[in-house]
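The sequence and the structure are shown below.

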Amino acid sequence: MSESGPGFIIRRARTGDVQRIQELVEPLVQRRILLGKETVTFYEAVQEFRVAEDADGRLIGCGALHVMWSDLGEVRTLAVSDEWLGKGVGRSLLGRLEADARELGLDRLFCLTFEVGFFARNGFVDMGAETVDPQLYAELVRSHDEGVAEFLDLARVKPNTLGNTRMLKRL
């Protein structure tokens with residue numbers, strides 16, 4: 001299933017997209033907006049990604065949905081090429097990830113971001129010191145996933161989260 005916006009389509013990522021996804025993300029890693037990931041990590045998560053491509057088939061954006069719990073997912077690695085910023089690509093990718101989340105039965109979406117304005121305009125709110133109930137915390141804290149640790153605001157990921165805002169959206 002693909003969807004389109006003005007001059008682009010959104011589709012499920014394929015393994016052949018991984019190199020271009022890395023190229024889209026790298027400038028944001030260099031600017032310390034996103035955390036860098038190893039190539040193998042992108043391949044392991046390729047099924048979580050949606051990509052935007054222009055009319056010439058060039059990847060111009062990407063984003064991933066990672067399931068964290070029965071009702072909770074995380075928007076990860078949302079990136080748009082500089083020349084396509086402000087043209088609805090990020091909003092369209094986020095909308096597709098939210099639709100994917102609903103299809104999976106998720107009720108909440110989490111993100112850790114410097115782009116507070118973008119996510120706020122799209123219905124996310126600052127979590128502040130919000131935490132989960134102790135029983136769920138006990139389950140989630142067992143995860144080796146860095147995104148779960150960031151959601152829980154664990155001390156071991158504080159260097160990754162400095163300056164970021166933990167945001168949540170109820171679907």
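## Nonpolar cores

A nonpolar core is here a set of buried Ala, Val, Leu, Ile, Met, Phe, Trp, Tyr and Cys residues joined through side-chain atoms within 4.5 Å. The model under discussion is predicted. Its largest nonpolar core has 21 residues, of which Val75, Val89, Phe119 and Phe124 touch the most other members. At least two residues of this core come from each of β2 (8–12), β4 (59–69), β5, α3 (89–104), β6 (108–113) and α4 (116–121). The most is given by α3, with five residues. In soluble globular proteins, nonpolar side chains tend to be buried together.

Residues up to four places away in sequence being left out, Phe124 touches Val75, Leu94, Glu98, Leu109, Phe110, Cys111, Phe119, Met167, Leu168 and Lys169. Another core, of 16 residues, lies apart from the largest one; Val29, Ala45, Cys62 and Ala79 are among its members.

## Helix α1 and the residue after it

Does the length of helix α1 agree or disagree with its residue count? The helix covers residues 18–30, and its 13 residues should span 18 Å at 1.5 Å a residue; the end C-alpha atoms are 18 Å apart, so the two values agree. The helix bends by about 30° at Leu24, and the proline Pro27 follows within four residues.

Buried positions in α1 are Val18, Ile21, Leu24, Val25, Leu28 and Val29. The cover over these buried residues includes α2, β3, β4 and β5.

Just after α1 comes Arg32, with a positive phi of about 65°, although Arg32 is not a glycine. Most residues other than glycine have a negative phi. Arg32 belongs to the loop between α1 and α2 and counts as exposed, because its relative accessibility is 67% and the cut-off for exposure is over 50%.

## Thr77 in strand β5

A positive phi, near 50°, is also found at Thr77, a residue other than glycine. Thr77 is part of strand β5, residues 72–80. Is Thr77 buried or exposed? With a relative accessible area of 8%, Thr77 is buried, since the limit for burial is under 20%.

The side chain of Thr77 makes a polar contact of 2.6 Å with the side chain of Lys37. Beyond its neighbours within four places in sequence, Thr77 is in contact with Val25, Leu34, Lys37, Phe42, Phe49, Cys62, Gly63 and Ala64. Of these contacts, Val25 is one of the buried residues of α1, and Cys62 is among the members of the 16-residue core.

## Val46 in a loop

Val46 sits in the loop between α2 (39–44) and β3 (49–54). Its relative accessibility of 10% means that Val46 counts as buried.

Which residues does Val46 touch, not counting those up to four places away in sequence? They are Ala13, Arg14, Thr15 and Val18. Between Val46 and Ala13 there are 6.2 Å from C-alpha to C-alpha, while the two are 33 residues apart in sequence. Val18, also touched by Val46, is one of the buried residues of α1.

How values were computed:
Residues are numbered from 1 along each chain as its sequence is written. This is a predicted model: local features need pLDDT of at least 70, side-chain atom pairs count only at pLDDT 80 or more; totals for chains, interfaces and linings use all residues. Side-chain values use heavy atoms; hydrogens and water are left out. Buried means under 20% relative accessible area, exposed over 50%, partly exposed in between (1.4 Å probe, protein chains only). Contact means heavy atoms within 4.5 Å. A polar contact is a pair of N or O atoms within 3.5 Å; within protein, one must be able to donate a hydrogen and the other to accept it, and residues adjacent in sequence count only if both atoms are side-chain atoms. The expected span of a helix is 1.5 Å times one less than its number of residues. The bend at a residue is the angle between axes fitted to the seven residues ending there and the seven starting there.
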